[in-house]
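Reader: I have the chain open beside me and would like to talk through how it is put together. Could you start with the inside and work outwards?

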Amino acid sequence: FFFENFLQDLPYTYPTGIQLEDGAAYDYVVVGAGAAGAAAASRLALKGFDVMLIEAGGDPSFLSTIPMASLGLLGSSLDWQYKTIPNNISCLSSIGEQCRFSRGKSLGGTTAINHMLYIRGNRYDYDRMNISGWTWKDLEPYFLRYEGLQILDQYPASSRKYHNSNGTMKLEYFDDPRNPWHTRTVEGLKQLNIPFNKDLNGEYQIGVTKVAGYVYKGERMSTARGYLARNDVKKNLKVAKNAFCTEVVIDDDNIARGVTVVQNLQKVTIYARIEIVLSAGTIGTPQILMQSGVGPADHLQEMGISVRSNLPVGNDMSDHHLPVVIVKVDHGGLVDSLVGLTSKAPQVLQYLASRSGPLASNSLQDIVTLINTNCYDFDLRQYSGNSSLCELADMQIIQSYIDKGLVALAKPLVKQAIGFNDQVLDQIEKANENHGLIIFSPMVLQPYSRGTVRLASIDPLQPPAIFANYLGDERDVEQMVKSITFLEHLMKTQIFKKHKASILHLNLPGCPAYKCGRVEYWRCYARHMTYSGYHAVGTCALTRVVDEQLRVYGVKNLRVADLSVLKNIIRGNTASVSIAIGERIVDFLTEEDNP
Ligand SMILES: Cc1cc2nc3c(=O)[nH]c(=O)nc-3n(C[C@H](O)[C@H](O)[C@H](O)COP(=O)(O)OP(=O)(O)OC[C@H]3O[C@@H](n4cnc5c(N)ncnc54)[C@H](O)[C@@H]3O)c2cc1C
């Protein structure tokens with residue numbers, strides 16, 4: 001009752017869903033209401049076009065709005081719950097040796113379940129794509145168009161020119177988690193000479209900081225909230241929820257005419273008078289394209305699908321990945337986790353009453369470190385970023401905190417969210433009996449390994465085959481060993497030593513004991529404890545599958561706007577660029593930037 005009343009009090013509501021009618025036509029059909037799709041469809045509707053936005057999921061849940069709850073969303077009904085095809089050299093300690101590959105399934109897409117960190121990547125990441133219209137200079141206006149940075153006055157003056165406070169996606173600092181490791185982590189990193197950099201989206205990208213997040217007034221700022229919940233958007237945009245797009249309808253002249261959609265067990269075809277935009281993400285978009293006959297000819301023929309355009313759809317997928325590193329620390333009577341907090345009524349009430357307190361925080365995750373490990377002296381244990389190369393990060397660290405005893409209390413939830421097998425989970429549970437745990441995620445930011453997405457079935461409702469192929473390239477293993485060595489040094493800093501921090505040496509099948517060979521152990525460890533950074537790009541890449549204006553080669557009136565078009569993975573988190581791509585396509589479509 002309390003929650004029902006409370007929900008009615010929410011200051012924003014999502015658009016009402018529409019039941020699709022077979023044969024209906026709209027100016028534009030946009031498939032996928034995630035980071036890019038929500039932005040693209042909203043802007044088109046605001047320009048006065050008749051737009052239908054198709055989304056496989058429904059509204060984000062109340063849980064999705066609570067920043068601290070983000071881990072609890074993984075494996076939930078808001079998650080597509082994909083798992084990768086094993087490659088036998090990574091994720092060996094995940095259930096079935098399959099890495100978890102979470103993706104959001106609701107209005108807002110993955111921005112409704114992600115960790116909400118706002119990092120735009122390095123300017124060089126865009127410039128090096130070397131594609132006309134896609135340099136940082138070209139893209140910056142689109143980042144600024146949506147950015148609503150509320151804390152700009154707390155940034156250094158040199159940052160001002162890189163930001164906008166008035167955009168629709170409001171961004172703020174997360175609330176204080178009231179966990180001393182929040183500041184201790186920064187202190188330890190400073191002892192290794194990692195600079196404190198207030199703005200990792202400003203002049204320089206290197207350093208440690210407390211980042212701004214997609215959070216506003218204590219609640220998640222998904223694109224469902226930032227775009228779709230706007231009254232002016234709701235007035236103009238049509239949205240079909242729980243509507244799964246199965247195929248693009250392409251006529252004999254290779255012109256895309258419409259899409260087929262399954263909604264409430266009914267299959268309908270709807271049409272686009274102008275164009276169709278696929279924004280179903282790095283997994284969803286290649287799946288729809290291949291079901292429609294757009295993809296690698298040999299694969300399509302093998303699946304019995306007639307080829308409309310032979311393109312390398314689903315190839316060269318690149319994703320951040322990391323070894324999960326578990327650190328035991330002494331316990332200072334902390335309770336900052338969701339499960340712990342729900343048993344702490346005052347803190348829950350504080351959140352409900354004022355959207356503040358630990359539930360409005362992101363645990364320790366908003367402390368973000370970006371460094372180039374080549375500029376860290378492993379002998380001196382000091383960072384010295386004194387060349388231009390050092391401005392390009394190759395490692396990003398985030399961390400979260402698990403309070404003492406929490407794993408035992410919430411084992412099914414942890415298992416569902418993280419997906420490690422019982423052998424590993426039991427060891428983590430044991431370590432957590434008497435210690436708080438900090439889970440470090442040092443991401444390989446520029447991985448060499450590449451994977452693929454293929455159809456697993458001719459049935460479009462079945463999940464595709466995701467072969468992430470993490471650690472397929474040995475250089476990524478070496479990078480992970482470097483990252484772990486860096487964390488070992490962090491454990492030796494005064495502040496971490498003072499609190500008896502130590503990395504947990506898990507007993508893993510096939511791995512030598514740590515004391516028998518440190519580097520060999522960590523190499524083996526990395527292959528066991530591999531985890532996705534959830535930033536996969538490249539399955540419908542610019543200049544390979546789509547042209548500079550995001551038009552699919554060989555098919556007219558069909559474009560892609562989502563993370564799948566990025567050719568190279570950026571040095572940072574990916575929602576930012578995906579939203580910018582959603583903003584960008586609108587100018588392409590409306591001819592302001594369309595030759
Ligand atoms: C656990 C996790 C944590 C993350 N943390 C961060 C972070 O802190 N900061 C950050 O910047 N990024 C983060 N990311 C990544 C970021 O959220 C994504 O890269 C970004 O949302 C991708 O945008 P997109 O538009 O390509 O796809 P999505 O946002 O995934 O949107 C795709 C949409 O298409 C819909 N769809 C798919 N197939 C179909 C179909 N057949 N029919 C109809 N609809 C369909 C989906 O349901 C979804 O709504 C995280 C991701 C995950 C999984």
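Predicted model: local features only at pLDDT ≥ 70, side-chain atom pairs only at ≥ 80, totals over all residues.

Author: The largest nonpolar core has 173 residues, and Val29, Ala40, Ile54 and Leu228 touch the most other members. A nonpolar core here is a set of buried Ala, Val, Leu, Ile, Met, Phe, Trp, Tyr and Cys residues joined through C-beta atoms within 7 Å. A residue is buried if 20 or more other C-beta atoms lie within 10 Å of its own, exposed if 12 or fewer, and partly exposed in between, with C-beta atoms placed from the backbone.

Reader: Which helix gives the most to this core?

Author: Helix H20 (residues 575–589) does, with 9 residues. Helices (H or I, at least four residues) and strands (E, at least two) are DSSP runs, numbered from the N terminus.

Reader: Now the ligand: which residues around it come nearest?

Author: Among the 41 residues around the ligand, those that come nearest are Gly32, Gly34, Gly109, Gly284 and Asn573. A residue is near a molecule if its C-beta atom, placed from the backbone, lies within 6 Å of it.

Reader: Which elements supply that shell around the ligand?

Author: Helix H2 (35–46), strand S12 (243–250), helix H10 (281–291) and H20 each supply at least two residues of the shell, and the largest share, 4 residues, comes from H10. Domain 1 and domain 2 each provide at least three residues of the shell. By class, the shell has 17 nonpolar, 20 polar and 4 charged residues, where Ala, Val, Leu, Ile, Met, Phe, Trp, Tyr, Cys and Pro count as nonpolar, Asp, Glu, Lys and Arg as charged, and the others, Gly among them, as polar.

Reader: How many Å separate the centres of the two domains, and how many residues does the contact take from each?

Author: The centres of domain 1 and domain 2, taken over C-alpha atoms, are 31 Å apart. The contact takes 28 residues from domain 1 and 27 residues from domain 2. On the side of domain 1 that touches domain 2, the largest share, 6 residues, comes from H10, and that side has 13 nonpolar, 12 polar and 3 charged residues.

Reader: Stepping back, how many helices and strands are there in the chain?

Author: The chain has 20 helices and 28 strands. Its radius of gyration is 23 Å, close to the 25 Å that the globule rule gives for 595 residues, so the chain is as compact as a globular protein of that length. That radius is taken over C-alpha atoms, and the rule is 2.2 Å times the number of residues to the power 0.38. Of the 595 residues, 53% count as buried.

Reader: One last topic, backbone angles: what is the phi of Gln81, and of Leu265?

Author: Gln81 is not a glycine, yet has a positive phi of about 60°, and Leu265, also not a glycine, has a positive phi of about 70°. Gln81 lies in the loop between helix H4 (70–73) and strand S3 (82–83) and counts as partly exposed because it has 17 C-beta neighbours inside 10 Å. Leu265 is in the loop between strand S13 (256–263) and strand S14 (266–278), and with 5 C-beta neighbours inside 10 Å, Leu265 counts as exposed.

Methods: Residues numbered from 1 in each chain as written. Domains from an automatic or database assignment. Contact = placed C-beta atoms within 7 Å.
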